[in-house]
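Dear colleague,

Please read the notes with the model open beside them.

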Amino acid sequence: MNLHPTTAGLLLAGILFVLGLISVLIRRNIIFMLLSVEIMLNAAGLAFVVAASHWGQADGQVMFMFILAMAAAEVSVGLALILQLYHQLRTLDSDEASRMNG
Amino acid sequence: MLPALIPAFPFLGACLLMLCWKRVSRSAVTVIGCGSVGLSAIVALVVAATVAGAGKEPLVQHVWQWIQVPGFAAGIDFRMDALSVVFTLVITIVGFLIHVYATGYMHDDEDYGRFLACMNLFVGAMLVLVMADNLLLLYLGWEGVGLCSYLLIGFWYKDPANNYAARKAFLVTRVGDTAMAIALFLLFEYMGTLNIQQLLREAPLLWDKGDPMVTLIALLLLGGAVGKSAQLPLQTWLPDAMAGPTPVSALIHAATMVTAGVYLIARMHVVFELSPAAQTATAIIGAVTLLMAGVSALVQTDIKRVLAYSTISQIGYMFLALGCGAWSAAIFHFVTHAFFKALLFMGAGAVIVALHHEQDMFKMGGLKKMLPGVFWIFLIGCASLTAIPFVTAGFYSKDQIIWLSWAAVGGHKAYWLAGVLGALLTGMYTFRMFFLVFYGEAKTKVHHIPGAVMMVPLYILAVLSTIAGFIELPHTLGHVTLFSNWLAPVLPAVQMAQESVALEWASQLISAVLALGGIWLAYVWVLKRPQGMVDFLSMPGQVWLQGFWRRGWDIDALYDALIVRPFVYLSNINRKDLIDKIYTGAAQLTEACHNVMARTQSGILRWYIMGVVLGAVAILSVLIWRLHEIS
């Protein structure tokens, strides 16, 4: 089987994305959920880079820089939230934090 | 500018009080409330003197052009002629005395300022009614008194029963008002104007005597008068209107509201003269009402309800006189009635206050020694109401009506018979009340002796109830006709079918004997042989009959069965109609959707993510499918 590099890269990105998504959906530990979101972000970033190399344009790589910056910011906020959550509830189970239900 | 000042003062007083009664002291409220009516009484006296001095030439004042469209104009125009001067004087002077009395009666009420504001508004609206030069302005005042009666009957609004009585008064009089509005539309349709003088001048040119259209208009006007003046068949609101404070009852019964109907018929007398049928209807309504209300007054237990039925009965006399064409006799009885009925109501108020708001006459008694002042003025009021010969004002006015109801062209022996029977009933119910309250043994302790503020107006009214009759004496007794002379430019003199001094003597004798006989019967009934009366009244048929009379001949129950219940039934059917179902269905659908959506907000993070994923998958599927279609 002889895959075109672009196709292979997009396939890898897709697999990574789905793995991250499944992990977000089935994990309860909120740190793992955060990790999974990072995996999904990186999968998306990989897709951008592959697309950029496919068309020979730098836009996708620039976009990946943005994704990295955003992910860093998101992780810092997310970790702060997790700390607060643990402080309040003494657990990392996201299902316990269901006070905002309607 | 003088005539316009008369209603302006009470309106100004009402506005001032409504704006600031909570912020100024009670004495300031008293000064504004009484002073405004007092000032307008002074102006009314000046205007009356001017009119009298100018040879009874009416004083007309155009204040403001209210409505001006092609084909119709109505202004705020006031006209002071002989008739409106009489009404204005009675309204302002009696109204002023009632206001002064009310400051004593209501002084401890927390809503004192609101009370005086509404009373001022009431007087102002009534003044607009009697002074208006066109029927539209008259109708404004007409509705104004309706509104004020609603506000004042339901003054103690925390008790639902009072609100019910107020609502009843408002709705029942509204039936008459609707008839009157239709009469106004018809008058405008045929005559093209609502100016009263123009209507009175031109109506005889347009219609022959007995024309069906003028009969219809007169009957519709009569409908309005019947509603406001609490005559058959719209009298049911007045006894319930006793829910209001006693000064309100005095004002409604003496100076405002119930006399509006008498005024309207007297004012539109040309229209009534054109329609003999309507005049006969007026006389018959008056005669029947005075008897039915008199019988009802006979069996009441509440002192104020006796007086209420007595008012209905006395207004019946006025309608009888109007129906017979004895216009000035009706107005004369209105004047004397205003004095002695205000006196009686406020005397009853003094008794009620003294006994700590006890209104049941069978729980009173023996007050002659404890309240001597009230005893004497109440005696004068009762004597005037009963028409004790020679010394009371009520005698001269009522006897004139009784005699004219026979002798006038529009009269009939049956009217006369109703009149003298009414005199007997009046004597009975009045002195039954009097003996029950002031004689016998005391059953309730006197808490509080009424002070000078309440007593002085009563003394003035007692004097007026006695001497007011001497301005008009019958042929047999001096023949003084100051009052009918005064009204002559406005109201035509009564057409006599027979002039017989001997018959007039006989009529006066019979009615006087029957009035005194009524007093004697009351004396036997209440004081001399109460046991015999109790035995008689507890016979099987009697008990039912008394209940029937006490409930006002069950007119209320009749209306309940004929109108209220079918209306409620129909409105219940209408409540479940199809259009409503559509709206209800829409509301229920929205609510169901809301419930489904609310369930998705579980607070569990993974469900939210699942939602996002499903949404993303759905959108992507649609996109891919669309792309596939396009390519």
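**Salt bridges in the model**

R174(B) is buried, with a relative accessible area of 17%, where buried means under 20%, exposed over 50% and partly exposed in between, computed with a 1.4 Å probe on protein chains only. This is a predicted model, in which local features need pLDDT of at least 70 and side-chain atom pairs count only at pLDDT 80 or more, whereas totals for chains, interfaces and linings use all residues. Side-chain values use heavy atoms, without hydrogens and water, while residues are numbered from 1 along each chain as its sequence is written, and chains are lettered from A and ligands numbered from 1 in the order in which they are written.

The side chain of R174(B) meets that of E143(B) in a salt bridge at 2.3 Å, N to O (a side-chain nitrogen of Lys or Arg within 4 Å of a carboxyl oxygen of Asp or Glu). Because E143(B) lies in helix 5 (residues 135-153) and R174(B) in helix 6 (residues 160-191) of chain B, the pair ties together parts that are 31 residues apart in sequence; helices here are DSSP runs of H or I with at least four residues, numbered from the N terminus. E143(B) itself is partly exposed, at 23% relative accessibility.

D240(B) forms a salt bridge with K168(B), with the closest N and O atoms 2.7 Å apart, and another with R305(B), at 3.5 Å. K168(B) is buried at 12%, whereas R305(B) is partly exposed at 23%.

Over all chains, the structure holds 13 salt bridges.

Best regards

Technical notes: Helices (H or I, at least four residues) and strands (E, at least two) are DSSP runs, numbered from the N terminus.
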